[in-house]
Amino acid sequence: MKLIEGLYYSKDHEWVKVEGEYATIGITDYAQDSLGDVVYVELPDIDDELDAGDEIGIVESVKAASDIYTPLSGKVVAVNEELVDTPEAINKDPYASWIIKLEISQVEELEKLMTSQEYEAFIKQEG
Amino acid sequence: MTYSRLIFEVSKEGRVGYSLPALDVPIEDIPTSIKRSKDAELPQVSEVDLIRHYTNLSQKNYAVDLGIYPLGSCTMKYNPKINEDMASLAGFAHIHPLQPEETVQGAMELLYKMERLLCEITGMSAYTLQPAAGAQGEAVGLMIIKAYHDSKKDFKRNRIIVPDTAHGTNPATASMVGYKVTEVKSDKEGNVDLEALSQALADDVAALMLTNPSTLGLFESNIKEIADMVHKAGALLYYDGANANAILGITRPGDMGFDVMHLNLHKTFSTPHGGGGPGSGPVGVVKELEDFLPKPVIKKEGDSYSFDYNRPKSIGKVKSFYGNFAVIVKAYSYILTMGAQGLRRVSEIAVLNANYMMKSLLDHYELPYDRTCMHEFVLSKLKDNPNNINTKQIAKRLLDFRLHPPTTYFPLIVSEAMMIEPTETESLESLNTYIDALIRIAKEAIQAPELIKEAPHTTSVKLLDEVKAARKPIVKWTK
Amino acid sequence: MFPYIPATDDDIKYMLEKIGFSSVEDLFTDIPEDLKLKDGLKLDPAKSQLEVEAIVSRLANRNIDASKMPIFLGAGVYDHYIPAVVNHISSRAEFYTAYTPYQPEISQGTLQAIFEYQSMICELTDMDVANASLYDGASALAEAALMAVSVKKRPQVMASSLINPESLTILRTYLESQNIDLVLIPMDQGLTDADYIRDNISEQTAAVIIQSPNFIGYIEDLTQIEEYTHENASLLVMSVDPISLGILKTPGQLGADIAVGEGQSLGNPMNFGGPHLGFMACKNQFIRKMPGRIIGQTEDKEGRRGFVSTLQTREQHIRREKATSNICSNQALNALAASVYLATLGKKGIKEVAEQSWHKAHYAMREITKSGHYSIVYDRPFFKEFPIKSNIDADKIEKSLLESGIIGGYKLKNSLPNLTNAILYCVTEKRSRQEIDRLVTVLEGLR
C-alpha cells in the first residue's frame, strides 16, 4: 500500500496536502483498494462553505458507495471535474486524483490529522 | 449459437403483430398543435417473430419451475398453478377498481376474508392489504408508528433501532419516513445484544424493527424480554415478516408482543416473484393502532361489504386502490389449500430441510453461529481454502450445475456470507443435489481452483462486466 | 398429504436421524414454550383443488366484469385491448417464477426484456433514461416528487389539483412523512392555472407537477408552465397516459425533466386496481437520483452483449439509510407485459389505438351532447375522457345505466366537489359504435 510522506491523513482515509492557505484533499490508496473499481464520483459545488466532518461527495464502486468527508473546515475553491469522466483515475493514482481544493479556515484542525507513519499504524490496527 | 437479438433488431418496416376492428365512427380532426412531432420508434414485428423472441429470452432465465432456488430470506418456494388460474378468472382480472360497490361484492368479500385469515395466522387485530411490496409495507408500518406517537403528542421520538443483521430495507425505510437510524449489535449467539439494546433505548426512540427469526436464520429467544424493554421505553415493536415461513402455526408475532408487522405474500404465501415483482406486503396492527391504517378500510354489514373512506386518523394512502389484488387472490387460494395443518407443515418441513442441509455441509463450510437453525442458515467461507476461493466464485460455479446460488454477502456481519433457504417445497433428492454440488465445489477449491475462478462456463453469457456497465451506463437501445 | 410438500414420512425420518433429532417438534426449542400455539391456528381444514376452485370462483362470479358489460369508466385505470400474446408470454414460468435478477448470467431473459422495456418507455416519452418500473403510477409520481426534492435540495413541491385524486392522496402521504410542503395549484377553466404558478413559485419550489391529459380529461397547455418552472430553476414533472403518447406531444418535447405515468393500459388487466406498474423516465443528468432498479448493457469477458442491474449503489441493499428510496423490487412481470404489448402494437399500432380512442371518445361526446340535455363541462381539447354535466343526479344515471347493462362513468362529485352532477366518461378503442349508441339511448331516456 502506497503512502506519501509529508501529507496529512484522516481516520476516514482521506489525504490532505497543504500549500499555504490551501488544502488539496483526496482518498488514500488504502481507501481505493478496499472500494474496488471506482465507477462514479460525486463532487461538491465550488464556493460551498464546509465544516470539518461535512460530506463533500461520494465515491462509488459497483458494490459499495463511500461518503467522503472533509477533515478541514473551509471554502471549496476547486473540484476535480476530470473524475466525473474518468473515475478510474482514483484507482490508478489516488494521490494524483485529488477531489477538492479548499481554502483553509481553521488551521489548528490540521493538528488532529495523522502523519504517514501514524496513518500506517492506524490501518494496521484497524485491519 | 445462443439467441442474442434485441426486439429492435428483429423489427422490419411494414410488419405488424396486432389487429383491431376497423374504425366504426366518424374521424375527428386531431389538431397539429397537440400532436407529437415524430412517431415513437417502437419495433415492427409479426406475432411469430414476437413469440419466438420472448420464448428465446425466457429460456435464458433460471426459475423455480426449473429447480431449487434457495435464496436466503427470499423464500423461493413453488408457486402453485391453481392460484394463477384463480387470479386470472375474468370476474377478478377484468373488474375496474371504481365500479359501483354492488358490482364487486365478490372481490370485496375476498379482501375482507383475507384480512381475517392473516389476523388469525399472525395474531394481529386488523390488516391493510394495500402495500404493493414488503418495502412499502415497512413504510406504512413506520408511518403508523409515527402517527401513533404524534397522536399522543409525543413528538420527540425521532429514532428507529435496527439490529446489525437487519435487511437493508429497514434503515432505508426508516430514513425515508424521516427517522434517524441506530444500529444495535448482535451478541455471539446471534441474538440482539440486550445490553446494547438497553443502552440504545431512550425516550427519543419510536420503534425497534426486528426480523424473527433473524436474517441469520435464528429465533430470537429473548423476544419477550425485548418486547418488554421496548414497551417500557414507550416505543413500539415492528415485525419484519420476511422470515415468517419459519413460524406458521407454531408461534405468532402478535403473541410475541409485536405491535405492527408486514408479511410478504410473495414469500410466505407462495405467490410468484415475477422476476422482481409484483409482490404484496400487507400490514397488520394491534387493536390500539387500527385507526391509523391506510384508507379505505373494508366493512362488513350483514352480507354486504363497503369501503370506508371516513378515517380521520388514517395515515392516508400509499398505493392506488386496494393493493395488488391479483396477488392477494393467489395467496388466498393458497391459504385455503393448506388450511391450519398445512401451514404448520410448511414451517416444520422448511425448518427440517434447512437443518438437514446445514448439518450436511458442516464438514466443508464454516458455520459462524452453530445453533439449530430455523428456515434458513448462514455459512461463511470454505473450511479448507488454500486457493482463496471467495463466495462470489462459489456462487458463479453453482450456475454451472444449473442451480441457483444462495443469497451472498448478507447479512453484513458474516464475512463471505452464504445464506441458504431451501423452503419446504424441495424434496430430499433436490436438497441432496444441492449439497452434493456444494461439496464438490469445496473439493474443487482445493484440486481445481481455476475451474471455480473462471466460472460460470455453461451459461448463455459468461461473467459480465459490471464495472463497465456502471461507468458509462447504456440503459436503452439506440439505432 | 400436501401436493406442494414433497417430503414423505420416510424422508422426514431419514433427515431427522441424519441431524440427530428425534422429532420435528424438537427443532423449535429456541421458541419459548409459552409463545407456542397450543391448539393450532383456527382456520378451516385444508381443501382440495376442486373445493378451492368452487369457493374462489363463486367470489369471482359475484362480480360484474368488463366482459359482461361495456364499461365507460376510466379515471386512471383503463379497459384497453390486450393482445392474446401478452398473457401467453407473461405466463411463461421462466419469467414469472424467477426472482429479482441478482445472478445476471442466469437471468438474461428478464434483464433483456426490461432493457427493452426501458428503451420503449424512452421512445414513447421522448426522455433519455427510464427505470425498470415502480409499484404504480401514483407511487411513481410521489417518487418523482421526492427525487426532485433531493436533486434541488428545496423543501416544497407544487402540484396541479387536476392530478388523479388517488395519486394526490398518495403524494400527500409520502410528502407528509418527510415534512415536504405541498402547494396545490388551482384549476382555471378545466386546466391547471399557470398564472398561479407564476405568482407563487419560489426558490423553495423543487418541482411543478402536472398531469396531462388531466384528471377530468383535458390536455394541458404546458407552454407557460414550462417557462415559469424552468425560469425558477425548478424541475417539471409530468404525469402522462402512455396510450395518449401514440399521438400527443411527449413530455420530452414539452420540456419535462421527469416523466411518470400509470402503465396499466399497456397490456395489463384492470385487476381491481393492481398489480399495475408505474413508469418513470428522466433526463440523463438525473439518472443517479432516479429511484428503482435500472438495467444496463455490458459485455461478458468474451465480448458478448449482456445485461446487468446497474447503478445499484443507489439502492437500499447497499446504501441502507442513504438510499434514493427504500424500493427493492420493480413490477417486473407487469413491465414484461407492457413490453410485449408495445412490441406487439409497434410503431403503427400504438398510434392506431390512440387515434381510435380519440375518434370514439369524440364521437361519444358529440352524440351525448347532441340533444342539448347534456353538455361538456369545458369546450377544450381532450383525449379519451371528458366530463359531462346535466341536471340529472349522477347517482341516478349510474344506477339506470347499470340496470341497462352498462358500467357508466366516474362521478366527479367524489373528488371535485364543484362539479356536483358531472360524470367523467372514458371511451377506449374497445368500445364499439353500437355500445356508444346504447349509452346515448339510455342517457336520453332519463330526461
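**Exercise 1. Which residues have the most contacts inside the largest nonpolar core?**

Solution. The structure is a predicted model.

Step 1. The largest nonpolar core of this model has 330 residues.

Step 2. The residues with the most contacts inside this core are B:Y238, C:A145, C:A148, C:I209, C:V237, C:I258 and C:M280.

Step 3. Helix 11 of chain B gives the most to this core, namely 23 residues.

Step 4. On the side of chain C, domain 1 (84-341) and domain 2 (347-444) each supply at least three residues to this core.

**Exercise 2. Identify the residues that C:A145 touches, leaving out those up to four places away in sequence.**

Solution. 

**Exercise 3. Describe the contact of chain B with chain C, with attention to the side of chain B.**

Solution. 

Step 1. Chain B contributes 164 residues to the contact, and chain C contributes 165 residues.

Step 2. Helix 11 (residues 325-361) of chain B provides the largest share of the side of chain B that touches chain C, at 22 residues.

Step 3. Sorted by class, this side of chain B consists of 90 nonpolar, 46 polar and 28 charged residues.

Step 4. For the complex, the predictor reports an ipTM of 0.97 and a pTM of 0.95.

**Exercise 4. Determine the strand order of the open sheet of 3 strands in chain B and identify its edge strands.**

Solution. 

Step 1. The order is 10-12-11, and the pairing is antiparallel.

Step 2. Strand 10 (377-379) and strand 11 (407-408) of chain B each pair on one side only, and they are the edge strands.

Step 3. Strand 10 of chain B is joined to strand 12 (residues 418-420) of chain B by 3 bridges.

Step 4. Within chain B, B:V378 stands opposite B:M419, a residue of strand 12.

**Exercise 5. Characterise chain C as a whole by its elements, extent, burial, contacts and confidence.**

Solution. 

Step 1. Chain C contains 14 helices and 15 strands.

Step 2. Along the principal axes, its C-alpha atoms fill a box of roughly 85 × 55 × 50 Å.

Step 3. Of the 447 residues in chain C, 61% are buried.

Step 4. Taking contacts in chain C between residues at least 6 apart in sequence, 72% join residues at least 24 apart.

Step 5. The average pLDDT of chain C is 95, and 98% of the residues score at least 70.

How values were computed: Residues numbered from 1 in each chain as written. Chains lettered and ligands numbered in written order. Predicted model: local features only at pLDDT ≥ 70, side-chain atom pairs only at ≥ 80, totals over all residues. Helix = DSSP H or I, 4+ residues; strand = E, 2+ residues; numbered from the N terminus. Buried ≥ 20, exposed ≤ 12 C-beta atoms within 10 Å, placed from the backbone. Contact = placed C-beta atoms within 7 Å. Nonpolar A, V, L, I, M, F, W, Y, C, P; charged D, E, K, R; others polar. Pairing = 2+ DSSP bridges. pLDDT = per-residue confidence, 0-100. Core = buried A, V, L, I, M, F, W, Y, C linked by C-beta atoms within 7 Å. Domains from an automatic or database assignment.
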